[in-house]
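Please find below a colleague's note on the model under discussion.

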Amino acid sequence: MKEKEQAGQTPVRPNTDASYDGGLGRSSDEVPVMGMERRAGVVLLELPLTTSDSRGRDKAASTKSNPITKQMVWEAYKHVRGNHGAAGIDNETIVRYEERLSDNFYLLWNHMSSGCDFPPPVLEVEIPKSDGRMRKLGIPTVNDRIAQQVIKAYLEPRLEAEFSPLSYGYRPLKSAHQALAQVRRNVRQFAWVIDMDIAGFFDHMSHDLLMNALERHVEEKWVKMYITRWLTAPIEDREGNRRNREGEGTPQGGIISPPVGQLVSALYL
């Protein structure tokens, strides 16, 4: 009987007999070292395979430091693929990424579950705003966007509980159309409107403030480790000029930025 994963909890590794949506098969990396089950008086032992595939990947069950399953990475990849985002600093589009999908998928899962995934620099681009000014966006690589989506999906259920039901920005299963419908309901009850904007919020967000907010809801050290790495990843423009963040700022354009940024504003502002 399959065990269900609880949102925001350490996921239970899925049955290895199942297959991925899209065809990437699971290896025996995700089976227990030894499982015992009694059926009609017969003891069945599930032993790990020790063979390797053509690329030398060990098929034996291994102990990973972080509870990141292949299914979590696969679901994150499908989400990123559906967004059709631009290439990052490595100029690798989602189409090029998929040319070596099996290798890229395995390496990302292996690195993330082992705690050794480090983000490359974030590509900084400028897009025009409606008032004529320019807005700076940070574009992570495809691989890094998938990694961020893994953590976002893991954290989102517990962070969702912190927000008002009338909040619609960057919220799952909520849209701008729903927000407009709520505005129509509000104007029938209230005769006033408050219009507020935090200038340069993502550019000047304090890393210390953000991590303090996360401490209230996130106990997992491996989650905070990855978020810290993304916060401190250098920024590089198309001319190759690179700079480091000095204790503030998170790229507006990264997957992980909106939910953790909203958490800071909800708790402290």
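1. Basis. This is a predicted model, in which local features need pLDDT of at least 70 and side-chain atom pairs count only at pLDDT 80 or more, while totals for chains, interfaces and linings use all residues. Residues are numbered from 1 along each chain as its sequence is written, and side-chain values use heavy atoms, with hydrogens and water left out.

2. Overall content. The protein has nine helices and six strands, taken as DSSP runs (helices H or I, at least four residues; strands E, at least two) and numbered from the N terminus. Of its 269 residues, 42% count as buried (under 20% relative accessible area, 1.4 Å probe, protein chains only).

3. Serine 113. S113 belongs to helix α3 (residues 101-114). S113 counts as buried because its relative accessibility is 0%. Leaving aside residues up to four places away in sequence, S113 touches K64, S65, N66 and I68 (contact: heavy atoms within 4.5 Å). A polar atom of the S113 side chain lies 2.7 Å from the backbone oxygen of W109.

4. Helices α4 and α8. The axes of α4 (residues 142-160) and α8 (residues 221-232) come within 11 Å and cross at roughly 140 degrees, the axes being lines fitted to C-alpha atoms over the stretch in contact, with angles from 0 to 180 degrees between N-to-C directions.

Conventions:
Buried means under 20% relative accessible area, exposed over 50%, partly exposed in between (1.4 Å probe, protein chains only). A polar contact is a pair of N or O atoms within 3.5 Å; within protein, one must be able to donate a hydrogen and the other to accept it, and residues adjacent in sequence count only if both atoms are side-chain atoms.
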